[in-house]
Amino acid sequence: MVSRSGTVADLLAALQQKLELGDEPIRVAETHSGKVYKELREDQNVATINDYATLYAEKIPSEELKLDTEDRVISVFSFDREPNRAHGIPFKFVVKPGELFAETKKRLSVRTQIKGKNFEKIKFAVVPRTSFSNAKYLEDGECLVNFIGRTSLGLTPLR
């Protein structure tokens, strides 16, 4: 889409034009093994992007564009049984302070567009970013914001 001497800003402009997005803000994330590795800066040269990385571009959700000062953003990924078995398309999600996880799950359902019985088949875990770490499964009465640090939110099917 852009020359090797181009920047991520050039890539974003090309994507906005190709997808007819107008001025809607979009971002590009570099992912490895089903998890977000880093969000690419607009001034980054595309030649510096890892050839083996998978890139995902997405419209930035309106919720992220109007963050309150206490809001946090967490990476979310899907896994099968063990956090090191990640798959799918990872994404970012806004975490609200003091919000019980039961309410957070409602917003996650809207964000993922998974509803009803399919959504009820998902377990949610806080996963430290270190390799081979144990997941801590969340209960509806807990607050996700209490676990934010060097963690991600993992989604896995019930077994």
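I checked what covers the buried residues of α3, and the list includes α2 (62–65), β5, α4 (116–120), β6 (122–128) and β8 (151–157). The buried ones are Phe101, Thr104, Arg107, Leu108 and Ser109; buried is under 20% relative accessible area, exposed over 50%, partly exposed in between (1.4 Å probe, protein chains only). Helices (H or I, at least four residues) and strands (E, at least two) are DSSP runs, numbered from the N terminus.

Caveat for myself: this is a predicted model, where local features need pLDDT of at least 70 and side-chain atom pairs pLDDT 80 or more, while totals for chains, interfaces and linings use all residues. Residues are numbered from 1 along each chain as its sequence is written, and side-chain values use heavy atoms, with hydrogens and water left out.

Next, the length of α3. Its 12 residues (101–112) reach 16 Å from first C-alpha to last, close to the 16 Å expected, taken as 1.5 Å times one less than the number of residues.

Then I went to Gln44, in the loop between β2 and β3. Why does Gln44 count as buried? Because its relative accessibility is 6%. Leaving out residues up to four places away in sequence, Gln44 touches Gly6, Thr7, Val8, Lys38 and Ile49 (contact: heavy atoms within 4.5 Å). The Gln44 side chain also has a polar contact of 3.2 Å with that of Thr48; such a contact pairs N or O atoms within 3.5 Å, one able to donate a hydrogen and the other to accept it, and residues adjacent in sequence count only if both atoms are side-chain atoms.
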